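Subject: Structure for you to look at

Hello,

Here is the structure I said I would pass on. Please open it first, then read the notes below it.

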Amino acid sequence: MTIDIKMADETGFCFGVKRALKLLEHALEAHGQIETLGPLVHNQQVVENLEHLGARAVQEVSEIIGSVAVVPSHGVPPAVFERLVDRGVTVIDTTCPNVRKAQNAAKQLSAAGFCVVVFGDPTHPEVRGIIGWAGNNGMATLDVQTLVQHPALPPRLGLLSQTTRNSSQFVDFALSAVDLLLPRLAELRIINTLCDVTKKRQAAALALAHSVDTMIVVGGRNSANTRCLANVCSQAGAKTHHVETASEIEDSWFCSADTIGVTTGTSISDNVIKEVVLKLEEIKIQLNAN
Ligand code: F3S
C-alpha cells in the first residue's frame, strides 16, 4: 500500500484575483508606490509579496499618504469611493466583476424599495461593501432566525448572497425565509449573486473529499472561500486540514495507506501549490520507506 496524492479539478487563482493582480501590476509600473485599501486579496503571502513590490496596505482612507489608491477585489462601499475622490487621489478599482454584480443588485433592490438581506458574514469587507451599495438599507446574516426575530421586519425584502458562500446553504436559507417569513411579507425577491468559480471549486472539492482519507485545503485563514471549502470537505467526512503554506503540513497527519486530496482557495498562486505538492511527495517517500 502506498500513499496517493490527488489534486482537485479546480485550483489556484480565480479570474477575479488574476484580474486584480494584473491591474495592480500595471499601476505599479505606472506609479511606483501605491496603497491598497485593506489587503488586495485574502492571502497573507500574496499581500507581503506585493508590499515588497511597492504596494502598501492601509486600513483607512485617512491613512493614505500617496497619490494612488487601489480598491481591493472584494470592493468597498460608495462612501469610500467618495472619500477617495475628496482626497484627490487616483483610484484603481480592482473590484471583481462578480462582486460588482452583487453591489449593483443591492443598489437596484434598495432603489426599488426593498430592504436588502445579504446571506453572509456581516463583518466581511465584501458584505459591508454590498450593504453600503444598498444605501445602508440592509442587513447581513447567516441565520434566518435573525429575520424571524426582527421586531420591525420591513415588508419587502431583497435576498442575495455573499459571492463566495456555499450554494446549497444559500438555497436552504432562502427556503427557510419563504417558509418562516412569507406571511409577514408583501414581497420577497431573491437574486443569485453566488460566484460561479467558487461554486465549481466547492463541487470539485466535495467530489474529491468523498474519495480520499485526508483533504489539505490551502488558502488564507481569513479567506471566506477557503473556509467554505474546508467546511465542505470536513462535512463530506474527510479529515480536513486548512493550511496557508506547505510549512504548516505535519507528517503525523498521514498514515502509509492514505489517499490525500488537495484543493485551494482562489487567492493561492501556482508556486504555493507546487510547494504543497512537493512537501506531500516528501512525506509520501518517508512513509513508503517505513
Ligand atoms: Fe471574484 Fe469569485 Fe474570485 S467573486 S474574486 S471570481 S472567488
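In these notes, a contact means that heavy atoms lie within 4.5 Å. The model is a predicted one.

**The whole chain**

The chain holds ten helices and twelve strands. Its radius of gyration is 21 Å, close to the 19 Å that the globule rule gives for 290 residues, so the chain is as compact as a globular protein of that length. Of the 290 residues, 51% are buried.

Among contacts with a separation of 6 or more, 72% are between residues 24 or more positions apart. The chain exposes about 13,400 Å², and carbon and sulfur atoms supply 51% of that area. As for charge, there are 24 positive and 30 negative side chains, and the centres of the two sets lie 6 Å apart.

**Helix α5**

α5 runs over residues 125-133. It is mostly covered, with seven of its nine residues buried. Which residues of α5 are buried? They are Glu126, Val127, Gly129, Ile130, Ile131, Gly132 and Trp133. The cover over these buried residues includes the helices α3 (78-87) and α4 (97-111), and also β6, β7 and β8 (156-161).

Asp121 sits in the loop between β6 (115-119) and α5. Asp121 is buried, yet it has no salt bridge. Which side chain of opposite charge is nearest to Asp121? It is Arg227, 4.3 Å away. A salt bridge here requires a side-chain nitrogen of Lys or Arg within 4 Å of a carboxyl oxygen of Asp or Glu. Leaving aside residues up to four places away in sequence, Asp121 touches Val127, Leu142, Gln162, Arg165 and Arg227. One of these, Val127, is also among the buried residues of α5.

Just after α5, Gly135 takes a positive phi of about 65°. Asn136 has a positive phi too, of about 60°, although Asn136 is not a glycine. Where does Asn136 lie? It is in the loop between α5 and β7 (138-141). Is Asn136 buried or exposed? Asn136 is exposed, with a relative accessible area of 61%.

When you go through the model, start at the loop with Asp121, follow α5 and its buried residues, and end at the loop with Asn136.

Regards

Technical notes:
Residues numbered from 1 in each chain as written. Predicted model: local features only at pLDDT ≥ 70, side-chain atom pairs only at ≥ 80, totals over all residues. Heavy atoms only, no water. Helix = DSSP H or I, 4+ residues; strand = E, 2+ residues; numbered from the N terminus. Rg over C-alpha atoms; globule rule 2.2 N^0.38 Å. Buried < 20%, exposed > 50% of the residue type's maximum accessible area, 1.4 Å probe, protein only. Areas by Shrake-Rupley, 256 points an atom, 1.4 Å probe, with all protein chains shown as cover. Lys, Arg positive; Asp, Glu negative; His and termini not counted. Charge placed at Lys NZ, Arg CZ, Asp CG, Glu CD.
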